[in-house]
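Work through the exercises below with the model in view. Try each task before reading its solution.

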Amino acid sequence: TKHTKMFVSMLTILLQATTPMAAFFGVMGIVTALSLCVMGASYGTAKAGVGVAAVGVMHPQLALKSTIPVIMAGMVGIYGLIIAIFLGTQVNSTGFSDFQGFAALGAG
């Protein structure tokens, strides 16, 4: 119909619009992904380290099992690095639409 064609053409124009701010928002998504995951991983490692120390004092036979949360917290940081690399390969200064910039910011 007439309205559907108009909507599709407006959506096409919106998705192809490129401004300098698009790359900025894409890079901010990368920074957000990396920084929040690293801060979360460091907090998780610190809390798990306290738990490992407590278990080592109270139940030494379970000390090795209590290191699993430390490993899992480190995996959160690795996840943030993977997301940042994935987003970084897509962000460029030309041909990067505003929609893609905001999508990268949201993904971060």
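**Exercise 1. Compare the radius of gyration of the protein with that of a compact globule of 108 residues.**

Solution. Start with the rule: the radius is taken over C-alpha atoms, and a globule is given 2.2 Å times the number of residues to the power 0.38. For 108 residues, a compact globule would come out near 13 Å. The protein has 22 Å. Next, take the spans. Along the principal axes, the C-alpha trace covers about 75 × 30 × 15 Å.

A note on the source: this is a predicted model, where local features need pLDDT of at least 70, side-chain atom pairs count only at pLDDT 80 or more, and totals for chains, interfaces and linings use all residues. Residues are numbered from 1 along each chain as its sequence is written, and side-chain values use heavy atoms, with hydrogens and water left out.

**Exercise 2. Describe how H2 and H3 pack.**

Solution. Two packed helices are described by the angle between their axes and the distance between the axes. Axes are lines fitted to C-alpha atoms, for helices over the stretch in contact, and angles run from 0 to 180 degrees between N-to-C directions. Helix H2 covers residues 20-58 and helix H3 residues 68-88. Their angle is about 175 degrees, and their axes are 7 Å apart. H2 and H3 are therefore roughly antiparallel to each other (the cut-off is over 145 degrees). Now sort the contact by class. It has 16 nonpolar, eight polar and no charged residues. Here Ala, Val, Leu, Ile, Met, Phe, Trp, Tyr, Cys and Pro count as nonpolar, Asp, Glu, Lys and Arg as charged, and the others, Gly among them, as polar.

**Exercise 3. Sort Phe96, Ser66, Met58, Ala54 and Met28 by accessibility.**

Solution. Set the cut-offs: buried is under 20% relative accessible area, exposed is over 50%, and partly exposed is in between (1.4 Å probe, protein chains only).

- Phe96 is in the loop between H3 and helix H4 (98-107). Its relative accessible area is 4%, so Phe96 is buried.
- Ser66 sits in the loop between H2 and H3. At 13%, Ser66 is also buried.
- Met58 belongs to helix H2. At 63%, Met58 is exposed.
- Ala54 is in helix H2. At 41%, Ala54 is partly exposed.
- Met28 is in helix H2. At 32%, Met28 is partly exposed.

**Exercise 4. Name the contacts of Ser66 beyond its neighbours within four places in sequence.**

Solution. A contact needs heavy atoms within 4.5 Å. Ser66 then touches Val52 and Val55. Finish with the protein: of contacts with a separation of 6 or more, 79% join residues 24 or more positions apart.

Methods. Helix = DSSP H or I, 4+ residues; strand = E, 2+ residues; numbered from the N terminus. Parallel < 35°, antiparallel > 145°, perpendicular 65-115°, else oblique.
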